[in-house]
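Please look through the sequence and the 3D structure first.

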Amino acid sequence: MYNLSILAIETSCDETAAAVIEGDPRIKSNIIASQAKLHARYGGVVPEVAARSHITAIIPTIDLALKKAKTKLSDIDYIAVTQGPGLMTSLMVGIDTAKALGAALNIPVIPINHLEAHIYANFVEQNIKFPAVILIVSGGHTLLVEVKGHGKYRILGETVDDAAGEAFDKTAKMLGLGYPGGPMISKLAKNGNPAAFDFPRPMINSSNFNFSFSGLKTAVLYKVQQLKSLNLILKSNLAASVQQAIVDVLISKTEKAVKQYKPKTIMLGGGVAANSLLRQRFSLLAKSYKLNAIIPKLEYCTDNAAMIGLAAYYRLKTKKAIRQLADKNFGVEPNLKIK
Ligand code: KG4
Ligand code: ZN
């Protein structure tokens, strides 16, 4: 069990990724072939373009992951692959490749939930004290989850409309900054005044742990229309003010969960966890409640295959894995939820 070797594959959206995890667990390689430039001219991910690009990139990406890990296919014990949530045709490329390799090598293929994997990006650090609360913020999802132990989750709240990453991406589009928007907004915000525009913080005072970002998006749209022409100072102020509003809501809801569920650890996951303001405020929150804060390195925040391999590694230690391994006929689940 401890010397096992896992080849992990992730193709849920626009990154073709492969990684090798070995016992302990150790990340031996983590290769990401990004399609971001390919989609930038469309202002968002185009599913057909993504799937076609996965098809050409998947084998070279796996080859590179094996080479970097100084291992070969015949030494792999398990294959882990993202089952969902994500784009149907993108997921299919990963699953078909994983199944073909699994059949050829006669080794098991473990289907992994992409959101659960964002949780496991935190498990590069191994001393995690449960219970933990994790804020998962990505392009498609925003949720607060209580993690009671490995594979034991309770969803505390989620977005009722747009995800936090979508709010970043759509604001970037309105400001003519291109795709993906989060990193652009974050860069521009560094020279902006976060108090320049008083944008709404939707649901910040609601009694539950749910989020909403579509009202904020509309408020930004009206402001952009009202301002008519945007110079760099205005764009920077808009970026800083929107980022401040999004981060205020995310931190406030996490704090509420900390007060109610009294976790020992708080963790971050998903692409938006790469945001430097969110990372700073998250650390401060943990400090003020004397909690352990785990914030993954940038390469483990955005989509990657190491997190898929880590989720599989910990799953292999539970009964859940044995049940799942028995299901050789698993298929694509574009709307898979965390249970
Ligand atoms: O987890 P991820 O790589 O893919 C999904 O599963 O959706 O997340 C992508 C999202 C995009 O919305 C992107 O704009 C956002 O993460 N993002 C950021 C930053 N880097 C990536 N948002 C804010 N600040 C960043 N630095
Ligand atoms: Zn993701």
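## Model

The model is predicted.

## Helices α2 and α3

Helix α2 spans residues 47-68, and helix α3 spans residues 88-105. Their axes lie 8 Å apart and pack at an angle of about 30°. Angles under 35 degrees count as roughly parallel, so α2 is roughly parallel to α3. The crossing of the two helices is right-handed.

On the α2 side, the contact is made by P47, A50, A51, H54, I55, I58, I59 and I62. On the α3 side, T89, S90, V93, T97 and L101 take part. Sorted by class, this contact of α2 with α3 holds nine nonpolar and four polar residues. It has no charged residues.

## Residue I95

I95 also belongs to helix α3. Is I95 buried or exposed? Its relative accessible area is 2%. Buried means under 20%, so I95 is buried.

Leaving aside residues up to four places away in sequence, I95 touches V81, T82 and Q83, and also F330, G331 and V332. P334 is 239 residues from I95 along the chain, yet the C-alpha atoms of I95 and P334 are separated by 12 Å.

## Helix α6

Helix α6 covers residues 181-189. Which of its residues are buried? They are G181, G182, I185, S186, L188 and A189. Viewed down the axis of α6, the buried residues fall within an arc of 165°, so they line one face of the helix. On the other side of α6, P183 and K187 are exposed.

What covers the buried residues of α6? The cover includes α5 (164-174), α8 (232-261) and α9 (276-288).

## Helices α8 and α9

The crossing of α8 and α9 is right-handed.

By class, the contact of α8 with α9 has seven nonpolar residues, three polar and three charged.

Note on methods
Residues are numbered from 1 along each chain as its sequence is written. Chains are lettered from A and ligands numbered from 1 in the order in which they are written. This is a predicted model: local features need pLDDT of at least 70, side-chain atom pairs count only at pLDDT 80 or more; totals for chains, interfaces and linings use all residues. Side-chain values use heavy atoms; hydrogens and water are left out. Axes are lines fitted to C-alpha atoms, for helices over the stretch in contact, and angles run from 0 to 180 degrees between N-to-C directions. Helices (H or I, at least four residues) and strands (E, at least two) are DSSP runs, numbered from the N terminus. Angles under 35 degrees count as roughly parallel, over 145 as roughly antiparallel, 65 to 115 as roughly perpendicular and the rest as oblique. A crossing is left-handed if the near helix is turned anticlockwise from the far one by less than a right angle, and right-handed if clockwise. Contact means heavy atoms within 4.5 Å. Ala, Val, Leu, Ile, Met, Phe, Trp, Tyr, Cys and Pro count as nonpolar, Asp, Glu, Lys and Arg as charged, and the others, Gly among them, as polar. Buried means under 20% relative accessible area, exposed over 50%, partly exposed in between (1.4 Å probe, protein chains only). The arc is that of the directions from the helix axis to the C-beta atoms.
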